[in-house]
Amino acid sequence: MAPVHPVSSEAATPDTDLPGQANSALEAEEFTERGTERGIVPSGTEVFAEPTETVSSVPPDLPLGTEVLAAAYLSGFSDTEIKTVDNDFRTLLKTVRANRPVDDLEVICAAWRFCLQQHAGQKRASGEPYIIHPLEVAQVLAELKMDSTAIAAGLLHDAVEDTDVTSPEIAKRFGDQVAHIVEGVTKLDKIKFANREDHQAENIRKMLLAMVDDIRVVIIKLADRLHNMRTLEHLKPEKQQKIARETLDIYAPLAHRLGMGKLRGELEDLAFRYTDPFAYSQVTAEVDALRGEGEIFLHKIVGEVEAKLREHHIKGRVESRIKRLYSIQQKLESQKIPVDQVYDLLAIRVICTTVGDCYALLGLLHSVWRPVPGRIKDFIAMPRPNLYQSLHTTLIAPGGHQFEVQIRTEEMHRVAEEGIAAHWKYKASDSVTAKDEARLAWVRQLMEWQREMSDPNEFMSTLKIDLYPEEVYTFTPKGKVVVLPKDASPIDFAYTIHTEVGNTTVGAKVNGRIVPLRTKLRNGDIVEITTQTGHAPSRDWLSFTKSSRARNKIKHWINEHQRERAIEIGRKLLEREARKYKVSLHKFTIADYERVATEYGLGTEAELLGGIGFGKYSTRQVLNKLEPGSTMAAEPAPSESAVGNAIGQMSDVVKRVFFGKGSDSLQVEGQDDLLVYRARCCNPIRGEEIIGYVTRGKGVAVHARSCPNVQNLLYESDRRIQVEWAAAPASPGDAKSPKPTTYPVRLTVLCEDRAGLLKEFTAIIADDGTNIRSVDSKPTPDGQALVDFVVETVDVRHLNRLVLNLRKVPGVREVHRVQKI
């Protein structure tokens, strides 16, 4: 660390660009003490000296405020780093002044000084000063035209989490509003959770709750995630994967739901690079190969559109773009087409002055180029749920080239790019407008639903469904618009109208005709619901409902009634077991039941009886815990592996398996009379995240957490049980170690239909030491080929390596795993 030099507080004139920079000697003294306690400033180091001394090492061309901060707080930074930080902060202030001229910069400068104090001496994984991170987050917020309160909170967003600063101290220095925002952004790292999923779910839940009170919480969180993604290359690969996957699952969809298209696009492309590096490089290469020709084509189209605008006296400006990489990859996966067949790969955007001009231009363009049927969308008359507005059409140019056109006004463009943040530029206060409230209505609704969800996994499942809806616009018989997710059913429609209407639905008419309840609704459908008093929801509805509201209401109703029935069954089973061993249950109090429930990690008598009713706990063991020795059989002692297990802290760990040849690849936290088997619907393999589900009469079915069927099982949390893969056997090269368990996995390869390709595939699989159980090949109507392999794999790593090698074969378009064999 470089020496810390004493600084004069009166050596030069204050810099007018940075208001309020000089700190008092008292603040300096407080910082010295606090820094020594935290180990940032070595004890005995003199940070401030007599005012008569001057600086010898800090470059003299820096203004006084930065000079003081550089010597006092940035101890150990190089001159270059000091200058970089200073220039970046000046850029931040200039951006704020340009976007919000009337905002007071003093709170930003005060937050910056405090931030420098608290993060002094801290480094990022890249080796650069930690202070650069909050500064970059603040810059993103400034570019989004956020107010000075939000930018100050952005500078301070890590102070409570990563330093010894407390929320009350933030409130005292910067006001309750800044403290409230910082508290909402702060993660829950100090709370211990059973597993990573619970921790992630509670973080997101907390953020959304804070977001309802102040939308700036989530905007700061998105800015924080954006800068973390921009610097992700400095972390370890497993950490990169985790953060990138979370970004694609939660943060990019959240930005989409708030209408922040520009930020969402950058988050998706950055995450795509780490979640699937091979596909990223492949798509990048294919797009780059088309870029030159595409840009020439777009330049020509832009010129023609501009000429038409001038000819017809329509005011507007024209932009062009090539579709983002992640969006291209999604199209390739869903439609199984090459890059050059993506219809909206090339697009232009025309930004007009009025809505009338937008519609006039749409008709004009259709008279020049032929529109593609079914590709005309009017999001101006019917905005998306995130308030996105635009006219979309796909046109065919001479030569058969397709290109997309988006037409919108300046205000619509600003909302499409910046979303809810677009409104901050015009705010005279920190209040949220009625339009902002409309955008946040879904969050409030989600928070109401989450009160019914005790399980974090169920909450995350609901959130993911709700964040990225593809809409279909339907109507009531009276003409009211009802916006539903794509492929929604009349049941979804009914629950959108009212919960009681949904619960009592018995039939539906679409466009005047009676249809089955699982019918998929389309744009423009007029839907009429028939109800019957006393009718109840069916479990089968979950297989075709799409909206999170409908699914949650159905699950809640079923869960409540299933739970009541399970408690009743559990009580009867316990009574029958008690009669068998001549034990009277009347002598046991509620406290006795709660004591036993606590041993199973439960809280109440009802939860214990419900667990028995669902088949999760053994009645004999519960009875033995109520009255030790009553069943004349001692309970097995807890195994060592169960003692230190942090997932459930249950008393027994058993390893019983229903597949392979008696291997013990799975271990289940439960009772010693539970049979375990892998679910056939998803065929989980070692290394995948798994979840156990107690089935009636069959034991514990182990599903992959990504299995679609799991989403329909999560609502019955009483029947879910923690499972994990047992410790891997010793090194396969060890002659004494048992042969590792292998799992059959089906792989489907979409490729060119050429001679010798199958030989290349089998050679790659054989070279990898993988056994092929079966292979099947068939041509597709478009001249390609589908090759199905069933191979034996040891774990997820083995499978991923095999898939990667197959994807490298020339002519391969797609390799994916088929869950069900």
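Modeller: What follows starts with the sheet you ask about and then moves on to helix contacts, a salt bridge and other strand pairs.

This is a predicted model, in which local features need pLDDT of at least 70 and side-chain atom pairs count only at pLDDT 80 or more, while totals for chains, interfaces and linings use all residues. Residues are numbered from 1 along each chain as its sequence is written, and side-chain values rest on heavy atoms, with hydrogens and water left out.

The part in question is an open sheet of 3 strands, ordered β10-β9-β11 and paired in the antiparallel sense. Helices (H or I, at least four residues) and strands (E, at least two) are DSSP runs numbered from the N terminus, and two strands pair if DSSP finds at least two bridges between them. The edges are taken by β10 (513-515) and β11 (527-531), each of which has a single partner strand, so one side of each is left without a neighbour in the sheet. Neighbouring strands here are turned against each other by 35 degrees on average, with direction ignored; axes are lines fitted to C-alpha atoms, for helices over the stretch in contact, and angles run from 0 to 180 degrees between N-to-C directions. Strand β9 (residues 505-510) is joined to β11 by 5 bridges, the two running antiparallel, and Gly507 has Thr530 in β11 as its bridge partner. Across β9, β10 and β11 lies helix α21 (residues 490-497), which runs at about 80 degrees to β11.

Thr499 belongs to helix α22 (residues 499-503). Leaving aside neighbours within four places in sequence, Thr499 is in contact (heavy atoms within 4.5 Å) with Arg549 and Lys553.

Further along is helix α23 (residues 548-580), whose axis comes within 9 Å of that of helix α26 (residues 619-626), the two crossing at roughly 70 degrees. The pair therefore counts as roughly perpendicular, on a scale where angles under 35 degrees are roughly parallel, over 145 roughly antiparallel, 65 to 115 roughly perpendicular and the rest oblique. In this contact Leu573, Leu574, Glu577 and Ala578 of α23 meet Thr619, Arg620, Val622, Leu623 and Leu626 of α26. By class the contact holds 6 nonpolar, 1 polar and 2 charged residues, where Ala, Val, Leu, Ile, Met, Phe, Trp, Tyr, Cys and Pro count as nonpolar, Asp, Glu, Lys and Arg as charged, and the others, Gly among them, as polar.

For another helix pair, helix α4 (residues 106-118) and α6 have axes that come within 9 Å and cross at roughly 5 degrees, and these two helices are therefore roughly parallel. Val107, Ile108, Ala111, Trp112 and Cys115 in α4 meet Ser148, Ile151, Ala152 and Leu155 in α6, a contact with 8 nonpolar, 1 polar and no charged residues.

A search of the whole structure finds 32 salt bridges, each being a side-chain nitrogen of Lys or Arg within 4 Å of a carboxyl oxygen of Asp or Glu. One of them links Asp147 to Arg216, with the closest N and O atoms 3.0 Å apart. Asp147 lies in the loop between α5 (132-143) and α6 (148-155) and Arg216 in helix α11 (residues 216-230), so the pair ties together parts that are 69 residues apart in sequence.

Two other sets of strands complete the account. Strand β7 (residues 471-475) and strand β8 (residues 481-485) pair antiparallel over 5 bridges, with Leu484 in β8 as the bridge partner of Val472. These strands form a hairpin with 5 residues between them, and Gly479 in the turn has a positive phi of about 95 degrees. A further open sheet has 4 strands in the order β20-β21-β19-β22, with antiparallel pairing, and its twist averages 15 degrees from one strand to the next. In it, 7 bridges join β20 to strand β21 (residues 784-793) in the antiparallel sense, and Ser774 stands opposite Val790 in β21.
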